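Here's a quick briefing to read alongside the model. Have the structure open as you go through it.

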Amino acid sequence: MTALPDAHGPKRSWWRANQQRLTPWLFLAPGAFMFAVYVIYPIAASFQFSFYDWDGLSPKTWVGWGNYAELWGDRNFIISLKNNIIWLVLYMLAVPAGLGIAIFLNQTVTGIRIYKSLFFFPFVISQVVVGLMFTWFYAPNFGLFFKLTEWLTGTGTAVLANPEYATYGIIAAGLWPQIAYCMILYLTGLNNVAPDQIEAARLDGARGLKMLWYVVLPQLRPATFIAVVVTVIGALRSFDLVSIMTGGGPFGQTRVLSYYMYEKALSEYGYRMGYGAAIAVVLFLIMMVFITGFVWKMVRDERGR
Amino acid sequence: MLRNPIITGLALSAALLGATSAIAQQRVLVFNTDTSDPAPKAAFEQLIADFEAENPDIDVQVNLFDHEGYKTAIRNFLTADSPDLANWYAGNRMKPFVDAGQFMDVSDVWSDNGLNEKLASAESAMTIDGKQWGVPYTYYQWGVYYNKSVYDQVGAKVPETYDQFVENCKLFKDAGIDCLTTGTSQMWPAAGLFDYFDLRTNGYDFHMQLTNGEIPWTDERVRNTFAAWNKLVEPGYITANAAAIDWQDAAALLSQGKAANYVMGNFAVATFKDGGLTDETLGFFPFPTINPDVARAEDAPTDTVHIPAGAKNPEDAKKFLAFLARADTQTKLNEALGQLPVNNESTVNQDDPFLSQGFTMLSEASGLAQFFDRDAPAEMAASGMEGFQEFMAYPDNLDDILNRLESDRQRIYK
């Protein structure tokens, strides 16, 4: 130490001088590196691939906007897009349904914890299991739902074999765990509702729906925001249920964008990497609309406080 | 196997000693395979042991892949780290790899070993641009599997012609039994039906031209195929809601006597028997004749072994292919697989009624198709099967379906 004070001195002081500024970056570095390699780079690569015709083996050929032009006229792409919109709209039912169950369960009765856990249960099991259970539920000839419709109407309805009902059947399966998710978000939110405000409102004569709308819901806004965000994202990235329950069928009528992308790029009959990437880009852009909205709102809220 | 511990120990130490001394001159042959199911796995272990016994200086190293995962994995390992041998399938299924220069031309193995005669039935399926790109070692027949007790119950006879088949269907329908069952939730069973209706209506050459994209889907002859098919669809002779049924669940319908016939591959026999059918109650007949002027051709999907272009030891790999093509090898291998050997000098187990019937049927066939999803390119296969599935649910949509397939054809085959 004492032998070369001049050589060590300035170095140490540079570190000291910049320590405060550098430390956060050093801590961020591993995460940032992973994020860049596993998120940013693949997104950029997808954009790049979407301009090529490529089967994953042969050399790539540049086709410009060709893949996107083909998407425009692709019946299956339109079906997928339409189904994604149906998903998005119907999936939103999970938010009010979750709220309803949460309010219903927000009481002190013996064993309420058991009821809460039971309602939360579908969110804990894997989507694959949910898909399989509902597939059997709907299954022609032996499914419970099939038997029920057979008993009621005389002819059984095989939901997943019917191009008109199949998508709704899958969404119903998806709603089951999603409602549980929204419910748990609202249950935690309800814990934080200020009791004095409820009390005050009650003194002012607010009851029932009015109480809910003007007193409880405004206090639940953070929970509502998160519930909407996870539901929108859940609807757009719906893949597992479609894959498990119908594989896009019957005759491709239950495809959604993420599944169609997988089919075109990675499935047994696919390997059109460029075309798959183009679908991914479209899906990404749709998601970006929502994500930008959410981020914008979050930033605005933070500034406001 | 080696029950005696002393012998085991001796064998082990001998093997170890042998290994150390052999390392110097032993050549390595890397074999990537998807034979992960129990029976194929055991069959291949035996095959490789036999090969190593004949060629003590070659050490075969097997990389076993999961059957489904292999379909993706092969694309990676062919380009990244080539083995010396790899399993795959014949027909258009191997075309992407041949076109991309990933498979080695093995025409010399064929000509040196007289395989053009011995493996004649599969030659066309292995040939692209006049060269052979691999060696077929097994296939299995497709045809109609039927429940004999149900036939007895309604007094139906095994049909020779399609008209008789349709007449039987009326009997079954009256008895509340599905005449023909199928489960198309995975789509390919529908392709088996289409293959047979087309092969019987228009013949092998037409079918090959169609799957090669040389004939428009809106052609009158394609419509004839669907018209024949519609004789079963329109009156409701096919199991309802097939689009949401797995092929195994449909097999259960046949086993339970709720359905009479099932157009399937021979691999389904195990499933039928699990469902309670036996050699006495389960029957097989070739798909009946629709157009008597058309020579009979059959579906017989063939499994193959190829040498990747990046193989490090192609010399020994060719030796292995020659070994695999031999009549005695194929007899033994297919006995273990429960399938049919491709080599026409091989023999099959006569105790298995389905295998022996299949062997006769295939050896008399005028041509062997590989199955729709191997004869047609992947994309065409996918949209075709979707169309067949839709046709069985909504036969009135036929025009729309054919127009779609035709526009897909014009885009896919360039």
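What percentage of the 305 residues of chain A count as buried? The answer is 34%. Keep in mind that this is a predicted model.

**Chain A overall**
- Chain A is built from 14 helices and 2 strands.
- Its radius of gyration comes out at 26 Å, while the globule rule gives 19 Å for 305 residues, so chain A is more spread out than a compact globule.
- Along the principal axes, the C-alpha atoms of chain A fill a box of roughly 95 × 70 × 35 Å.
- If you take the contacts in chain A between residues at least 6 apart in sequence, 67% of them join residues at least 24 apart.

**A helix pair in chain A**
- Helix H2 (residues 66–73) of chain A packs against helix H14 (residues 273–304) of chain A at an angle of about 70°, and their axes are 9 Å apart.
- Since angles of 65 to 115 degrees count as roughly perpendicular, that is the label for H2(A) against H14(A).
- On the H2(A) side you'll find A:Asn67, A:Tyr68, A:Glu70 and A:Leu71, and they meet A:Gly274, A:Tyr275, A:Ala278, A:Ile279 and A:Val282 of H14(A).
- Sorted by class, this contact has 6 nonpolar, 2 polar and 1 charged residues.

**Where chains A and B meet**
- Chain B puts 21 residues into the contact and chain A puts in 18 residues.
- On the chain B side, helix H3 (67–80) and helix H19 (378–393) each supply at least two residues.
- H19(B) gives the largest share of that side, with 8 residues.
- By class, the side of chain B that touches chain A has 10 nonpolar, 6 polar and 5 charged residues.

Conventions. Residues are numbered from 1 along each chain as its sequence is written. Chains are lettered from A and ligands numbered from 1 in the order in which they are written. This is a predicted model: local features need pLDDT of at least 70, side-chain atom pairs count only at pLDDT 80 or more; totals for chains, interfaces and linings use all residues. Two residues are in contact if their C-beta atoms, placed from the backbone, lie within 7 Å. Helices (H or I, at least four residues) and strands (E, at least two) are DSSP runs, numbered from the N terminus. Ala, Val, Leu, Ile, Met, Phe, Trp, Tyr, Cys and Pro count as nonpolar, Asp, Glu, Lys and Arg as charged, and the others, Gly among them, as polar. The radius of gyration is taken over C-alpha atoms; the globule rule is 2.2 Å times the number of residues to the power 0.38. A residue is buried if 20 or more other C-beta atoms lie within 10 Å of its own, exposed if 12 or fewer, and partly exposed in between; C-beta atoms are placed from the backbone. Axes are lines fitted to C-alpha atoms, for helices over the stretch in contact, and angles run from 0 to 180 degrees between N-to-C directions. Angles under 35 degrees count as roughly parallel, over 145 as roughly antiparallel, 65 to 115 as roughly perpendicular and the rest as oblique.
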